[in-house]
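The notes follow the order in which I worked.

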Amino acid sequence: MRQFITAYTLIDGFKCMVNGRLLFYQENILTFADFIKALYKQEQVNYPKFYKMDALGKLGFIASELLLRNKDFKLYPPELTGVVLSNSSSSLDTDIAHYETIRDREHYFPSPSVFVYTLPNIVIGEICIRNGIKGENAFLVSESFNSELIAGYVTDLFSRELVKGCLCGWIEVLGNRCEAFLAWVENQADVAETKPGMFNPVPFDAEHLKLLKNQNDR
Amino acid sequence: MEELIEKLKKEVIEQLNLEDIKPEDINPDSPLFGEGLGLDSIDALELIVLLEKNYGIKIEDPKDGKKIFFSIRSMAEYITANKK
């Protein structure tokens with residue numbers, strides 16, 4: 001059975017698009033912290049734990065929130081809903097923050113709330129907790145977005161019937177440079193009729209993943 | 001004591017990233033955990049770090065934590081009694 005991408009989020013250069021429509025852009029924003037907070041406020045997401053997340057957690061959380069709140073993905077059992085993410089910097093952004101708290105032996109105060117984010121897959125945990133997802137998950141690290149790797153991995157999960165819905169893509173943060181691309185993938189038989197104004201589903205494969213992610217570059 | 005309570009409120013907000021909470025929102029006698037601020041176990045560890053970093057106080061017996069971190073006032077009382 002074939003799979004389709006039925007919704008996606010794209011965040012790049014402090015600009016946010018959902019299903020091809022511009023959702024957020026402010027020219028005067030210069031830092032990742034200001035951008036993500038402004039987006040959180042604009043979209044009226046009420047989740048106080050958001051402020052305690054690291055940058056990768058915040059980016060992944062917001063990107064997934066904007067996507068999944070428009071989808072009836074809860075139709076699938078939590079155990080059959082997966083999350084497969086990737087990036088190039090792993091958790092380096094937070095690793096650096098953690099290092100800053102421990103590099104001076106005279107002022108050695110490691111922060112527990114920073115330390116808990118020194119793994120890239122914690123962002124998957126944040127998304128799963130928020131949405132009650134309990135299925136297969138993986139966080140893959142590659143130099144650049146490897147659409148073939150993601151397409152292959154997720155297709156395998158579908159073919160082995162381990163998932164019926166899967167969130168997949170790229171969540172990258174390092175300093176003020178951030179980039180997120182999340183796609184929601186479903187079996188063709190489960191794809192509901194496209195609602196007016198919603199994204200028209202496209203086949204799930206490496207080529208379409210790449211096309212959707214790089215659309216701002218064209 | 002009241003001065004220390006106000007200082008502690010600001011420090012707790014900063015240390016725990018309680019973005020949407022202002023010092024005046026925190027009742028110094030309300031429980032910090034379970035209700036009110038809704039703090040979790042990682043926050044408890046952060047409060048231990050805060051005491052050590054800002055006041056030079058090391059909590060030797062973890063069992064004391066429940067009493068010390070019951071509220072902002074109990075923290076202030078502990079700091080006053082143990083500050084080096």
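I began with Y25(A), which sits in strand β3 (residues 21-25) of chain A; helices (H or I, at least four residues) and strands (E, at least two) are DSSP runs, numbered from the N terminus. Y25(A) has 13 C-beta neighbours inside 10 Å and therefore counts as partly exposed; a residue is buried if 20 or more other C-beta atoms lie within 10 Å of its own, exposed if 12 or fewer, and partly exposed in between, with C-beta atoms placed from the backbone. I also noted F14(A), eleven residues from Y25(A) along the chain, with 6.5 Å between the two C-alpha atoms.

Before going on I noted the conventions: this is a predicted model, in which local features need pLDDT of at least 70 and side-chain atom pairs count only at pLDDT 80 or more, while totals for chains, interfaces and linings use all residues. Residues are numbered from 1 along each chain as its sequence is written, and chains are lettered from A and ligands numbered from 1 in the order in which they are written.

Next I took up α1(A), where the buried residues are F35(A), I36(A) and L39(A). They cover an arc of only 90 degrees around the axis, which puts them on the same side of α1(A); the arc is that of the directions from the helix axis to the C-beta atoms. These buried residues pack against β2 (15-18), β3 and α2 of chain A, two residues being in contact if their C-beta atoms, placed from the backbone, lie within 7 Å. On the face turned away from the buried side of α1(A) I found the exposed residues A33(A) and K41(A). After α1(A) comes Q44(A), with a positive phi near 50 degrees.

I then looked at how α1 (residues 32-42) and α2 (residues 55-68) of chain A pack, and recorded an angle of about 35 degrees with the axes 11 Å apart. Axes are lines fitted to C-alpha atoms, for helices over the stretch in contact, and angles run from 0 to 180 degrees between N-to-C directions. From α1(A), F32(A), I36(A), L39(A) and Y40(A) meet A55(A), K58(A), L59(A) and I62(A) of α2(A). By class, this contact of α1(A) with α2(A) has seven nonpolar, no polar and one charged residues; Ala, Val, Leu, Ile, Met, Phe, Trp, Tyr, Cys and Pro count as nonpolar, Asp, Glu, Lys and Arg as charged, and the others, Gly among them, as polar.

By class, the contact of α2(A) with α5(A) has six nonpolar, four polar and two charged residues.

Finally I checked totals: chain A has seven helices and eight strands, and 40% of its 218 residues count as buried. Of the contacts in chain A with a separation of 6 or more, 71% join residues 24 or more positions apart. The contact between the chains takes nine residues from chain B and eight residues from chain A.
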